[in-house]
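Subject: Handing over the structure

Hi,

Here is the structure I promised to pass on to you.

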Amino acid sequence: TELPEGSLDPTRVTAKALSLIKSKNNSLYAVLRSGNPTLETDCVVVRCRFRFHKERIEEPKNRQFIEAVFSKVAARPVELTVEHAVSSVETTPADQELVASALEILGGEVVDE
């Protein structure tokens, strides 16, 4: 379906905004992509699987940067909403092994919320 002239496709806005973010801050881009950002009306919604991703995105300088980029691309004010989307999917032994390996390499612990 064609959008009316002057109307911006949310998928295109998101792709362009992510591309601009990637060019300025690749690690922030990676964290955002993991949360599958979607533009819903005047709000970009990011659903993070991990609390530390949510916290990183919500850091004031990151929040301002993300909102500024999305607002510029969408040509209207866009606010950021970040959710911690806890997965209801059971982990497999392969997932558990991967997490154990990452914890061993990086150091850290699993924290239940």
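What follows is a walk through what I found, from the overall layout down to a few single residues.

A word on the ground rules: this is a predicted model, so local features need pLDDT of at least 70 and side-chain atom pairs count only at pLDDT 80 or more, while totals for chains, interfaces and linings use all residues. Residues are numbered from 1 along each chain as its sequence is written, and side-chain values use heavy atoms, with hydrogens and water left out.

**The overall layout**

The protein chain has five helices and three strands. Helices here are DSSP runs of H or I with at least four residues, strands are runs of E with at least two, and both are numbered from the N terminus. Reading from the N terminus, the order is α-α-β-β-α-α-β-α. Of the 113 residues in the chain, 26% are buried. (Buried means under 20% relative accessible area, exposed means over 50%, and partly exposed is in between, with a 1.4 Å probe and protein chains only.) Take the contacts with a separation of 6 or more: 63% of them are between residues 24 or more positions apart. Contact means heavy atoms within 4.5 Å. The chain exposes about 8,100 Å², and carbon and sulfur atoms supply 53% of that; the areas come from the Shrake-Rupley method with a 1.4 Å probe, and for residues only the protein chains shown count as cover.

**The sheet**

The three strands make an open sheet, ordered E1-E2-E3, with mixed pairing. Strands E1 (38-40) and E3 (79-84) are at the edges with a single partner strand each, so one side of each has no neighbour in the sheet. On average, neighbouring strands are turned by 30° against each other, direction ignored. Two strands count as paired if DSSP finds at least two bridges between them. E2 (residues 43-48) and E3 run parallel and are joined by six bridges.

Axes are lines fitted to C-alpha atoms, for helices over the stretch in contact, and angles run from 0 to 180 degrees between N-to-C directions.

**Helix H4**

The end C-alpha atoms of H4 are 21 Å apart, which agrees with the 21 Å that its 15 residues should span at 1.5 Å a residue. (The expected span is 1.5 Å times one less than the number of residues.) Its buried residues are Asn62, Ile66, Val69, Phe70, Ser71, Val73 and Ala74, and their cover includes H1, H2, E2, helix H3 (51-58) and E3. Asn62 counts as buried at 4% relative accessibility. Not counting residues up to four places away in sequence, Asn62 touches Asn25, Leu28, Arg56 and Ile57.

**Helix H1**

In H1 (residues 10-24), where are the buried residues around the axis? The buried ones are Val13, Thr14, Ala17, Leu18 and Ile21; they cover an arc of only 125° around the axis, which puts them on the same side of H1. That arc is taken from the directions from the helix axis to the C-beta atoms. Thr11, Arg12 and Ser23 are exposed on the other side. The cover over the buried residues includes helix H2 (26-34), E1 and H4.

Two of these residues are worth a click. Ala17 is buried at 0% relative accessibility and, leaving aside neighbours within four places in sequence, is in contact with Val69, Phe70 and Val73. Ala17 and Ser71 are 54 residues apart in sequence but 8.9 Å apart in space, C-alpha to C-alpha. Thr14 is buried too, at 8% relative accessible area; with the neighbours within four places again set aside, Thr14 is in contact with Pro37, Thr38, Leu39 and Phe70.

**Two loop residues**

Asn36 is not a glycine, yet has a positive phi of about 45°. Asn36 is in the loop between H2 and E1 and is exposed, at 52% relative accessibility. Thr41, in the loop between E1 and E2, also has a positive phi, about 55°, without being a glycine. Thr41 is exposed, with a relative accessible area of 66%.

Cheers
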